[in-house]
Amino acid sequence: MKDWKPQHYRRAIGASAVPTSVLEAAIATGEKTTAAHPSLPPILTLKHLAHLTRVPYPVLRDYVTRQVDSYKTFRVRKRSRPGKPTSFRVICVPPANLSVVQHWIAQHVLAKAKPHHASTAFAPNSRLVDAVAPHCSSRWLIKVDVQRFFESITEVDCYRAFRSLGYQPLVSLELSRLCTRVGRLNRQSQGLRWYRKYPATKFKIRSYSVLRIGHLPQGAATSPMLANLVMREADGLLTELAGRYGLTYTRYADDLTFSTNERGFKRENACQAIWEVYGILRRFGLAPNLSKTAIIPPRSRKIVLGLQVDQETPRLTRAFKMKMRMHLHYLERADVGPVKHAEHRGFSAVAGMRNHLIGLAAYAMQIEPAYGKDIKTRLERLEWPLLY
């Protein structure tokens, strides 16, 4: 989308039939939005958003008033940990028309807004290797994980994020409703922060008065970048805290990482820093996952986001390379091959296994190009069955 210009409104066909006061009010609203960011598209009303996204206005209205909740939810098993019970991640898939709107908002609005520089995920041109690089060759490493990250961010947080981008209050509310959902009642959603604080009579649009507050659904196109904008203030406070302790801070979604090369840094400093990090997170309604907090001292193996950071550049882990070595060993054996290996490893189809391994090779090429290219070459050289 090209940068918005008020001249287009004044010269548009039919503009002469619009009352001057209405036209000037629309232009003034658009200029407030573009003052925050010249490339942000003005959204004047919900009906204007329907026109921009080509999704019928009544459909958007139903989502904003919470009349429908057509998300399909399913659980994905998380990586198992020794001695820990099996846990799952809830994925929410929006319906097709709502997905269109969310992708439009993500592409034309959220992608043009800048998160805090400590945020290293879900931004244009962001790479995993760049997120890990600041912690390479560090002596001490501190890792903190946020529990149920997306589900902890409310539609009120999203409303404030859209307001900070220059959108008007009503439009910001409608955008936040389109990007959030009201899920089932559980232990997390029973707190007072998840319920409307004002009586229904305070709402000028009575149908917008919904008792329960929505949250970011994990699976929506808008959730990652919107979470980054919501976390800007928290990232600023965490960066300031890190500076006081001589630490480097980055955040990759719900993974917070702190590192330092200072020789005078001790475990007591790490424990005190973690205690203050917990306090900042709780100020923003976020709960740290205590079981995943880790302090990695000098001379210990250091892994950040699945990559080794013991050396000057990020490296693939030994476990990853051993896994790829195992796959290639059996795939290249004449008495095993792709079909038997896929069956033995539990893949429903050889094509699924092939795509999985090609994806791992592409991932490896981002971290260690020479190694990844060799893996990809060996995979492509295999005689894959024609029908699989």
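# A guided tour of the predicted model

Residues 24 or more positions apart account for 69% of the contacts in the chain with a separation of 6 or more, a contact being heavy atoms within 4.5 Å. The model is predicted, and local features need pLDDT of at least 70, side-chain atom pairs count only at pLDDT 80 or more, and totals for chains, interfaces and linings use all residues. Residues are numbered from 1 along each chain as its sequence is written, and side-chain values use heavy atoms, with hydrogens and water left out.

**The whole chain.** Display the chain as a cartoon: it contains 15 helices and ten strands. These elements are DSSP runs numbered from the N terminus, with helices (H or I) of at least four residues and strands (E) of at least two. Of the 388 residues, 44% are buried; buried means under 20% relative accessible area, exposed over 50%, and partly exposed in between (1.4 Å probe, protein chains only). Accessible areas come from the Shrake-Rupley method with a 1.4 Å probe, and for residues only the protein chains shown count as cover.

**Strand E3.** Next, select residues 140–147, which form strand E3; six of its eight residues are buried, so the strand is largely enclosed by the rest of the structure. Two strands pair if DSSP finds at least two bridges between them. Which residue of E7 is the bridge partner of Leu 141? It is Ile 296, and E7 (residues 294–296) runs antiparallel to E3, joined to it by three bridges. Strand E6 (residues 287–288) also pairs with E3 in the antiparallel sense, over two bridges, with Pro 288 in E6 as the bridge partner of Val 146.

**An open sheet.** Move to the three strands ordered E8-E9-E10, an open sheet with antiparallel pairing. Strands E8 (303–304) and E10 (315–316) stand at the edges, each with a single partner strand, so one side of each is left without a neighbour in the sheet. Strand E9 (residues 307–308) is joined to E10 by two bridges, and Gln 308 has Arg 315 in E10 as its bridge partner.

**Salt bridges.** A salt bridge is a side-chain nitrogen of Lys or Arg within 4 Å of a carboxyl oxygen of Asp or Glu; the count comes to ten. Select Glu 368 and Lys 321, whose closest N and O atoms are 3.1 Å apart. This pair links distant parts of the chain, 47 residues apart: Glu 368 lies in the loop between helix H14 (350–367) and helix H15 (369–381), and Lys 321 in helix H12 (residues 318–331). Glu 368 counts as buried at 8% relative accessibility, whereas Lys 321 is partly exposed at 27%.

Then select Arg 333 and Asp 335, a salt bridge with its closest N and O atoms 2.6 Å apart. Arg 333 is partly exposed at 32% relative accessibility, and Asp 335 is partly exposed at 46%. Elsewhere, salt bridges that share partners join Arg 66, Glu 155 and Arg 177 into one network.

**A nonpolar patch.** Finally, select Phe 74, Val 76 and Val 93, which make a nonpolar surface patch of about 220 Å². Patches are made of residues with over 30% relative accessible area and no salt bridge, like charges being joined within 9 Å and nonpolar side chains (Val, Leu, Ile, Met, Phe, Trp, Tyr) within 5 Å. Phe 74 belongs to strand E1 (residues 72–77) and is partly exposed at 42% relative accessibility.
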